[in-house]
Amino acid sequence: MTFDKIYQYNFPTTIRFGADSSKELGDYLVSNKITRPLVVTDSTVAQLDFFKTLVSALQRKNLSVEVFSNIHKNPVKSDVYRGTEQYDETHRDAVIGIGGGAALDVARAIVLRINHREDLFKYDDLIGGDVYVVNDVPHFVTIPTTAGTGSEVGRSAIISDDETHQKKILFSPKLLARIVFADPTLTMDLPAAITAATGMDALTHNMEAYLAKMPHPMCEGIALQGMQLIHESLTRAVNKPDLESRSKMLIASLMGAVAFQKGLGVVHSLAHPLSSLLDTHHGLANAVNIPYGMEFNIPGFEQKFRQIARTLMLKEETGEAVVQYLFELNSKIGIPPTLSAIGVSQKHIDTLADLAFADFAHPNNPKPVSRNDFKMLYEKAL
Ligand SMILES: NC(=O)c1ccc[n+]([C@@H]2O[C@H](COP(=O)([O-])OP(=O)(O)OC[C@H]3O[C@@H](n4cnc5c(N)ncnc54)[C@H](O)[C@@H]3O)[C@@H](O)[C@H]2O)c1
Ligand SMILES: [Fe+2]
């Protein structure tokens with residue numbers, strides 16, 4: 001890091017973290033004079049007991065609640081348009097996102113669209129569209145129900161084109177939630193496979209953010225602590241969950257998302273094309289790729305890997321030991337060691353390498369990644 005420059009660091013919104021914090025939602029809305037919220041979730045979460053309990057608690061406070069849950073697994077533009085229509089037609093005054101990263105991304109994109117009615121992808125950050133996000137946005141509250149993306153503290157939403165499946169990023173500091181209710185009890189019954197995949201997404205955020213190029217000592221501290229919490233809790237959260245392991249995973253996933261304002265890297269660029277091309281879950285795609293991506297990153301960054309190894313309390317303080325740890329962790333939580341086990345085959349590799357090279361995450365990787373490097377990494381992981 002050089003000390004002759006000015007850097008900008010942003011830290012997120014108010015977070016109410018802890019068991020049963022989601023029960024504060026009703027009083028919070030009343031005290032902020034919100035009476036007609038649109039609750040955005042996905043169709044699975046909409047059927048879960050905790051969700052129904054949350055909605056009926058709001059209704060008991062005489063709030064008018066509309067639920068929008070008709071969204072795709074990898075959200076698309078038409079999801080956002082339909083949710084916005086429901087907001088308009090039922091005269092809502094706030095948006096509450098409750099769910100995993102997919103539901104929270106749709107909620108955030110609806111928040112953007114309410115007062116920005118040009119084509120949604122005009123606001124795509126990758127073509128500089130953030131400059132058009134100039135109007136006010138409605139009051140926005142997030143309640144995560146997975147411990148992975150950390151989207152609840154984020155300022156961006158990943159939405160795909162309905163036809164091409166190309167992912168677009170909508171970004172603006174205006175899209176931060178005003179408050180997050182992070183309640184680990186909502187994640188208690190997350191199925192093991194989702195806990196494993198989302199948990200590895202959180203670990204990837206922390207590890208890639210720690211290594212990413214941008215000088216940001218504050219985020220590096222958060223990322224190291226995030227890795228330690230995941231080390232202490234992910235295996236238990238998957239195989240024998242209790243409140244402590246669920247709480248540690250939830251806070252670590254928030255920390256990962258706070259830390260990755262510093263940047264992500266090669267692993268997310270390997271993962272993104274798997275979701276757009278083969279509909280692979282984002283966390284699972286990261287989980288399978290992370291040992292290979294980290295192995296690629298070791299040369300030149302031995303010192304940083306030594307610090308990661310220390311944080312993970314490994315006997316050998318080397319990058320190679322970190323890679324070995326990642327393979328072992330995946331195996332303990334039921335994640336396969338190869339891409340072929342999750343439906344990738346040789347015929348996909350050239351397209352995957354093209355898409356990965358075009359992806360937005362790797363320019364922040366500590367070292368450059370070429371198209372050939374991506375091809376080599378996919379082939380190695382196959
Ligand atoms: N905005 C960002 O910064 C950002 C970053 C990374 C990923 N993402 C996006 O996030 C999405 C992935 O999010 P995710 O990993 O949280 O997965 P998800 O939102 O797709 O949820 C995974 C599954 O878990 C279910 N689920 C959620 N909460 C549950 C609960 N408490 N109990 C039982 N089942 C539950 C959902 O219904 C879904 O079937 C992707 O669309 C990805 O593009 C966004
Ligand atoms: Fe991620």
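**Close-up 1. Helix α5 passes helix α6 in a left-handed crossing.** A crossing is left-handed if the near helix is turned anticlockwise from the far one by less than a right angle, and right-handed if clockwise. The model is predicted; local features need pLDDT of at least 70, side-chain atom pairs count only at pLDDT 80 or more, and totals for chains, interfaces and linings use all residues. Residues are numbered from 1 along each chain as its sequence is written, chains are lettered from A and ligands numbered from 1 in the order in which they are written, and side-chain values use heavy atoms, with hydrogens and water left out. Helices are DSSP runs (H or I, at least four residues) numbered from the N terminus. α5 covers residues 192–211 and α6 residues 217–239; they pack at an angle of about 160°, with their axes 9 Å apart. Axes are lines fitted to C-alpha atoms over the stretch in contact, and angles run from 0 to 180 degrees between N-to-C directions. The angle makes α5 roughly antiparallel to α6 (over 145 degrees; under 35 is roughly parallel, 65 to 115 roughly perpendicular, and the rest oblique). Residues in contact (heavy atoms within 4.5 Å) include A192, M200 and Y210 in α5 and E220, M227 and V238 in α6. By class, this contact has 15 nonpolar, 4 polar and 1 charged residues. Ala, Val, Leu, Ile, Met, Phe, Trp, Tyr, Cys and Pro count as nonpolar, Asp, Glu, Lys and Arg as charged, and the others, Gly among them, as polar.

**Close-up 2. The axes of α6 and α11 cross at roughly 25°.** Helix α11 spans residues 319–332, and the two axes come within 10 Å. The helices are therefore roughly parallel to each other. H231, L234, T235 and N239 of α6 meet Y325, L329 and K332 of α11. The contact has 3 nonpolar, 3 polar and 1 charged residues.

**Close-up 3. Helices α12 and α13 pack at an angle of about 130°.** α12 is formed by residues 349–358 and α13 by residues 371–381, with axes 9 Å apart. The pair is therefore oblique, and its crossing is right-handed. Among the residues that meet are L352 and F357 in α12 and F374 and Y378 in α13. The contact of α12 with α13 has 7 nonpolar, no polar and 5 charged residues.

**Close-up 4. Around ligand 1 there are 26 residues** (a heavy atom within 4 Å). D42, G101, D105, T145 and T146 come nearest. An N or O atom in the side chain of D42 is 2.9 Å from an oxygen atom of the ligand. For the side chain of H281, the distance from an N or O atom to an oxygen atom of ligand 1 is 2.9 Å. A nitrogen atom of ligand 1 lies 3.0 Å from a backbone N or O atom of S156.

Key: Helices (H or I, at least four residues) and strands (E, at least two) are DSSP runs, numbered from the N terminus. A polar contact is a pair of N or O atoms within 3.5 Å; within protein, one must be able to donate a hydrogen and the other to accept it, and residues adjacent in sequence count only if both atoms are side-chain atoms.
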